[in-house]
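Student: Could we go through this model together and check each label against its cut-off?
Tutor: Gladly, let us take the labels one by one.

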Amino acid sequence: MSHCKIFLKPKKEESLLRFHPWVFSGAIASCEGKPLEGDLVEVYSSGNTFLGIGHYQIGSIAVRILSFRPVVIDRAFWNEKIRVAYELRLKLGLAEAPDNHTYRLIHGEGDQLPGLVIDIYGNTAVIQAHSVGMHHERKTIAEALIEVLGVALQNIYYKSEGTLPFKAVPGHENEYLLGSKAGLEHIAIEKGLQFHIDWLKGQKTGFFVDQRDNRLLLEKYAHSRSVLNVFCYTGSFSAYAMRGGAATVHSVDSSSKAISLAQKNLELNFPGDQRHQTFIEDAFHYLEKMGNRYDLIILDPPAFAKHKNVVRNALIGYRKLNAIAFEKIKPGGIIFTFSCSQVISKNDFRLAVFSAAAQSGRPVRILHQLTQPADHPVNIYHPEGEYLKGLVLEVG
């Protein structure tokens, strides 16, 4: 199968020779043929050396490399990539585990499939495409999932309305590629706890799988503490705190839908347990007025910065959020604080938290430095994939 060929400007091949999977539009010198968005293209150096094959896209990232070797991107290619990814999740004890069937199967560049995310919730796979090329391959990807996961997989939901490039695929709608919503309970198990998963209307693929390890850590700190979980969304941190023996757990979110979901999840796991309460309120407003009744606070906000041009404002937001927590938490209290913004570096996030701590004038120690779990692997040649940053802090 012939593909359009893209030739890079002199010396622009260096990042690809280091296996970075993106080709930026400014690095392209010329193109042999007229690729459409989503087409497979071959990339060559200015000296006509083959560098890789990948999906073409209009925008700053012009090509996402699928292979640095001249391979055929066919059904066998997708089967092999998904098989390798699945075997890793088996080794991690996430797939086919009696206490866990919620995990990320494909994490974009971390699984050498840039532009593709697949999360597994029990017998349902949720596919999310971040590139037009992955959108075009969705049915082949679904067939590969069925081949690899077999009868364990009964539903495949394709959810990419909000992640595909704007106007790139006009008229596209989310859809089931296998099974249907009829009779689905939408409940998945994560490390022994049950959660309602709303992959139809919920954020991302329906659940934030990436905080699993950090929730388990929180559980160890929660015993006998008064816990506050702001930006609670599904209430997952709250559920782990409850299982850890917290004295009280308060879940706060500005979204009534999120609070309703959190209530359902806590009732599912701890029916009738009066330790848990919910509050529909802006996180900053709640923190300002809460007093000093909490000795464990979770700050897991949505991404304050999705683009580089708003990084400064985002860092101000992180500093303000953490400063209130430092000011109000009880002596000896623990703060779990996070940033999921890819454009915020670990150093910038830590500096924002440091500034907030200094502003409070209280002694603060870092107990843990947190990141995403192993089913969200970071390709060592693509450091941008390390998006989740977290600190566990003890406040004197």
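**Labels and their cut-offs**

Tutor: Cys-4 sits in strand β1, residues 4–8; strands (E, at least two residues) and helices (H or I, at least four) are DSSP runs, numbered from the N terminus. This is a predicted model, where local features need pLDDT of at least 70, side-chain atom pairs count only at pLDDT 80 or more, and totals for chains, interfaces and linings use all residues. Residues are numbered from 1 along each chain as its sequence is written, and side-chain values use heavy atoms, leaving out hydrogens and water.

Student: Why does Cys-4 count as buried?
Tutor: Buried means under 20% relative accessible area, exposed over 50%, and partly exposed in between (1.4 Å probe, protein chains only). Cys-4 has 17% relative accessibility, so Cys-4 is buried.

Student: And why does Gln-211 count as buried?
Tutor: Gln-211, in the loop between β13 and α5, has 1% relative accessibility, so the label buried applies.

Student: What makes the link between the side chains of Gln-211 and Asn-214 a polar contact?
Tutor: A polar contact is a pair of N or O atoms within 3.5 Å; within protein, one must be able to donate a hydrogen and the other to accept it, and residues adjacent in sequence count only if both atoms are side-chain atoms. The Gln-211 and Asn-214 side chains are joined at 2.7 Å, a polar contact.

Student: Which residues does Gln-211 touch, not counting residues up to four places away in sequence?
Tutor: With contact meaning heavy atoms within 4.5 Å, they are Phe-237, Asp-300, Phe-338 and Leu-388.
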